[in-house]
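This report goes through selected features of one structure. It takes the chain contact, then a helix pair, then salt bridges and backbone geometry.

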Amino acid sequence: MSQSGLGKSTLVNTLFKSQVSRKSSGWNREEKIPKTVEIKAIGHVIEEGGVKMKLTVIDTPGFGDQINNENCWEPIEKYINEQYEKFLKEEVNIARKKRIPDTRVHCCLYFISPTGHSLRPLDLEFMKHLSKVVNIIPVIAKADTMTLEEKTEFKQRVRKELEVNGIEFYPQKEFDEDLEDKTENDKIRQESMPFAVVGSDKEYQVNGKRILGRKTPWGVIEVENLNHCEFALLRDFVIRTHLQDLKEVTHNIHYETYRAKRLNDNGGLPPVTTETEENHESNL
Amino acid sequence: MIEQCSMPEGWEGPQDDKEYVGFATLPNQVHRKSVKKGFDFTLMVAGESGLGKSTLVNSLFLTDMYRDRRLLSAEERITQTVEITKHVVDIEEKGVKLRLTIVDTPGFGDAVNNTECWKPVADYIDQQFEQYFRDESGLNRKNIQDNRVHCCLYFISPFGHGLRPLDVEFMRALHQRVNIVPILAKADTLTPSEVERKKGKIREEIERYGIRIYQFPECDSDEDEDFKLQDQALKESIPFAVIGSNTVVEAKGRRVRGRLYPWGIVEVENPAHCDFVKLRTMLVKTHMQDLKDVTRETHYENYRAQCIQSMTRMVVKERNRNKLTRESGTDFPIPAIPAVPDSETEKLIREKDEEVSARAGACVSCQGLHQSHSRMWEAWLELRAALSPTPCMQLCWAIVPSLSMAAHAACSRA
């Protein structure tokens, strides 16, 4: 999620190599920036090598676009907690389904605007509030606007600011299970993150190969070329190596935190007596 | 056969001195005087931070204005308010001196809540107008310093989908006060088709929201075709998609100013890469004088007229109110905002008063007019004592003495 125009939809499409996100450049001219933050969730089923995956992309048009953006993260926090609540209700049910439909948010890609200076106050506020409820992966959007030196400098500054403000982004240090994980994640945390990416869904011919990229008068930016941008790193990280881990951290840590808080607040289980009574009656 | 070459009509030839007065050299005289005096230009840059404003200013005028600048971290920016900073630099080219003032607006659009963040900017512009108004209406007009803002470059982010609500509000608040030239910043993020699309969208939105950006003057019909085409191309390039850079890189064996990427080199001065050259031509080579003229003739005159109008309106209202209170005994609320008159302005007013009364007393020849003048003067003093002055009113009061003095001088000569 991010302000509009940072390439969220294009990146998601590139990540999953299919049209899973409706690009807002397809909006008709009358559509304006929405006045409040909306939450749009679109579900897809994609398949690769016999493995099916149900992918839900949640977009947040209107975030950070207004003049006064105070508390614009609240609708998003509310949405995430609602998903936890839904799951909790299902879990606490006496007659539970075999596979509880999991609508919880496993990963939040936060797009940072490539100003080259530092994080914006809005970015800090948002990440502070939401790193406690969901896995946040900060991503530097539209990275083709920075030269190599600017990129390294900017990344260092962002990392430092996140550290100074105590923002734990995924992979969180405290959840490293063993030494192997720790070294691997340390390397990612200190060197690669936040990933500077460029997204594109157009293909061009370069050196006889068809590759995804952006064509400019001064050259073709190849999306999957590690010298040009870190899209390949992000893709491998999110999909090929840490997908399962993202789900586990969400389930074992964020969800459990929410559950513990809810149980403490209520002094017991959430009120599901009406449902169980109905079930009981129907069973009689 | 020798061809007879025809003289253009009306040209008598240099030997005919009877018809040649010599004022054709006036432009040269003006030129010499202006070059001696030097020129000045005030440029304001506004937009969110990180859009390349400082780099562009440095590239445009080939200077380094922000050497000691320290970038704030995000935490420091949470509590930052919009500031107005001024940098002045004197540059010279081929004997022509230019005093360039760059007005920057750090902190604009950076906070989480940006409501009315354009207000400090609008206030600054009004202050400069007010200062000039005062100087112009004052007694000593020899060395008026013109700090009025001649042009405002507004930087639009290339990452959005056209104009953001903040952009629209800013431009709407300022288009009556200053010449706005919209700029599409960091244009090397966009492919050529994306640039075209964004420009079209921005132009359409500017029209839709009724924003009046700086209009290039129409060329005269007797200009040649090339110039007309150039002018047309310039008009169609708004907003200018620019890239700034002060670093020199090697490209195809040449040393150019640009940005070095792993996939290629972006050349700042290449018209195929961005509109930097067009912007520089427009701003410096062709339209600088026009920008100053429009500021002087349109924006400043509007401000002045508004100021005088509001003052007379308030005076009339006050007069009516006084009349009513005497008759009906009820109190009507004064619409003016009570401002505490500071000692400086009081002193100034008192000084002006003394000057005028001294001059009025010295003149003996036109007693009649003098009497009516002093009657008017007393009535005016009475009125003024009843009101609590706002800055605009104080300003206008400063004019009245000079106006009455002018009338006085006119009558003494008659």
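## Between the chains

Two salt bridges are counted between chain A and chain B. The model is a predicted one. In one salt bridge, the side chain of Arg259(B) meets that of Glu150(A), with N to O at 2.7 Å.

How many residues does the contact take from chain A and from chain B? Chain A gives 47 residues, and chain B gives 47 residues. The size of an interface is often given as the accessible area lost when the parts come together. Here chain A and chain B bury about 4100 Å² between them. Carbon and sulfur atoms hold 56% of that area. On the chain A side, the residues that lose the most area to chain B are Ile67(A), Pro121(A) and Trp218(A). Together they account for 22% of what that side buries.

## A helix pair in chain A

Two packed helices are described by the angle between their axes and the distance between the axes. In chain A, helix H2 spans residues 74–92 and helix H3 spans residues 121–130. They pack at an angle of about 20 degrees, and their axes are 11 Å apart. H2(A) is therefore roughly parallel to H3(A), since angles under 35 degrees count as such. The crossing of H2(A) past H3(A) is right-handed.

Which residues meet across this pair? H2(A) brings Ile76(A), Glu77(A) and Ile80(A). H3(A) brings Phe126(A), His129(A) and Leu130(A). By class, the contact of H2(A) with H3(A) has four nonpolar residues, one polar and one charged.

## Salt bridges

Over all chains, the salt bridge count comes to 33. One of them joins the side chains of Glu256(A) and Arg259(A), at 3.7 Å from N to O. Both residues sit in helix H7 of chain A, residues 243–266. Glu256(A) and Arg259(A) are three residues apart there, so about one helical turn separates them.

## Backbone geometry in chain B

The peptide bond from Ile238(B) to Pro239(B) is cis, and its omega is near -10 degrees.

Phi of Lys94(B) is near 55 degrees. That is a positive value in a residue other than glycine.

Note on methods
Residues numbered from 1 in each chain as written. Chains lettered and ligands numbered in written order. Predicted model: local features only at pLDDT ≥ 70, side-chain atom pairs only at ≥ 80, totals over all residues. Heavy atoms only, no water. Axes fitted to C-alpha atoms, helices over the stretch in contact; angles between N-to-C directions. Helix = DSSP H or I, 4+ residues; strand = E, 2+ residues; numbered from the N terminus. Parallel < 35°, antiparallel > 145°, perpendicular 65-115°, else oblique. Left-handed = near helix turned anticlockwise from the far one by under 90°. Contact = heavy atoms within 4.5 Å. Nonpolar A, V, L, I, M, F, W, Y, C, P; charged D, E, K, R; others polar. Buried area = accessible area lost by both parts, 1.4 Å probe. Salt bridge = Lys/Arg side-chain N within 4 Å of Asp/Glu carboxyl O.
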